[in-house]
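Here are my notes for you to read alongside the model. Have the sequence and the 3D view open, and look up each residue as we go.

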Amino acid sequence: MLSYLLDFIIGLGIGIVAGLFGVGGGFLIVPTLVLMGLPVHQAIGTSLACITISALSSAYTHLRRGAVLFKVVLVKEAFSMPFAAVGAYLSYLLPEKVLKIIFAALLVYLAYKMVKEGRGTCRKEFESINYVRLPLVGILAGLTSGLLGISGGVLNVPLFHTFIGLPMRYAVGTSSLSLFFTALAGTAAHYRLGQVDVYTALLLAPGLIIGAHLGARAAHSVSPFKIRVAFAALLVGVAVKILL
């Protein structure tokens, strides 16, 4: 009973973070699954299955708030989905130690980006959406998703905001729907490789669904800047832990 409660609490916490920031939470799910005893390759595949669940929940909430731009999702995912599959097969070829180093380096970089974003100013109004740059965002997010078992949302949000020109609220909402499709493609590829623990994903699912819904609602009423700085410290801590 306590084990099921712990799974729910873990899923709930990760889901809240995912919904609040428009990310899948893979950068938390992967190290959590590794600490729970899953091999890193299987943790990556299972993480993507979890992200598919949480992303659908948060995307639904953002859709109801009118904060999703479908054209951006369509163009970006045309490139993300095939490159997520490429990244999944690349992860199969790389040794576990290399994947851990890559993942830890990514976490430290994301911590830096969160602190930098927290100190900067937030774009509040539409200026112009740069659709020409969307394919590059799609390729980067897709490769990162399949290779490291994250949804690509950690790249979607800052790139949508600073590189494509979306206001922060729309960057978060659009990322939520976009990463659902990216994670789904990566999950399918990892499943074919036997790298998805369906039982573990289902155990985390209830908490992920509820947490993602709550986080997405909070994203429309709470400024995330102070949370970003605290979360950056958490990312660095997780990076150190996974390398030990």
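Is Glu77 buried or exposed? Glu77 is buried, because its relative accessibility is 5%. The cut-offs here are under 20% relative accessible area for buried, over 50% for exposed, and partly exposed in between (1.4 Å probe, protein chains only).

Before the points, some ground rules. This is a predicted model, in which local features need pLDDT of at least 70 and side-chain atom pairs count only at pLDDT 80 or more, while totals for chains, interfaces and linings use all residues. Residues are numbered from 1 along each chain as its sequence is written, and side-chain values use heavy atoms, with hydrogens and water left out.

1. **The salt bridge.** Glu77 has a partner: its side chain meets that of Lys76 in a salt bridge, 3.0 Å from N to O. To count, a side-chain nitrogen of Lys or Arg has to be within 4 Å of a carboxyl oxygen of Asp or Glu. Lys76 is buried too, because its relative accessibility is 0%.

2. Now for the inside. A nonpolar core here means a set of buried Ala, Val, Leu, Ile, Met, Phe, Trp, Tyr and Cys residues joined through side-chain atoms within 4.5 Å. The largest one has 43 residues, and Phe27, Leu28, Phe103, Leu107 and Leu235 touch the most other members. Helices H1, H2, H3, H5, H6, H8, H9 and H10 each supply at least two residues of this core, with H3 giving the most, eight. (Helices are DSSP runs of H or I, at least four residues, and strands are runs of E, at least two, numbered from the N terminus.) As background, nonpolar side chains tend to be buried together in soluble globular proteins.

3. **A second core.** There is also a separate core of twelve residues, and it includes Leu69, Val72, Leu166 and Val172.

4. **Helix H2.** Just after the helix, Gly37 takes a positive phi of about 115°.

5. **The positive patch.** On the surface, Arg64, Arg65, Arg169 and Arg217 gather in a patch of positive charge. Patches are made of residues with over 30% relative accessible area and no salt bridge; like charges are joined within 9 Å, and nonpolar side chains (Val, Leu, Ile, Met, Phe, Trp, Tyr) within 5 Å. Lys and Arg count as positive and Asp and Glu as negative, with His and the chain ends not counted. Each charge is placed at NZ of Lys, CZ of Arg, CG of Asp or CD of Glu. Arg217 sits in helix H9 (residues 198-218) and is partly exposed at 44%. Arg65, in the loop between H3 and helix H4, is partly exposed at 41%.

6. **The nonpolar patch.** Which residues form a nonpolar patch on the surface? They are Ile16, Ile209, Ile210 and Leu214, with about 300 Å² of accessible area together. Areas come from the Shrake-Rupley method with a 1.4 Å probe, and for residues only the protein chains shown count as cover. H9 gives the most to this patch, three residues. Ile16 is found in helix H1 (residues 2-21) and is partly exposed, because its relative accessibility is 33%.

7. **Sequence versus space.** Here are some C-alpha distances to check yourself. Val108, in helix H5, is 128 residues along the chain from Val236, with their C-alpha atoms separated by 5.5 Å. Arg65 and Tyr92 are 27 residues apart along the chain, with 39 Å between their C-alpha atoms. For Leu35 and Gly173, the figures are 138 residues in sequence and 30 Å in space. Finally, Thr61 in helix H3 is 55 residues from Lys116 in sequence and 27 Å from Lys116 in space.
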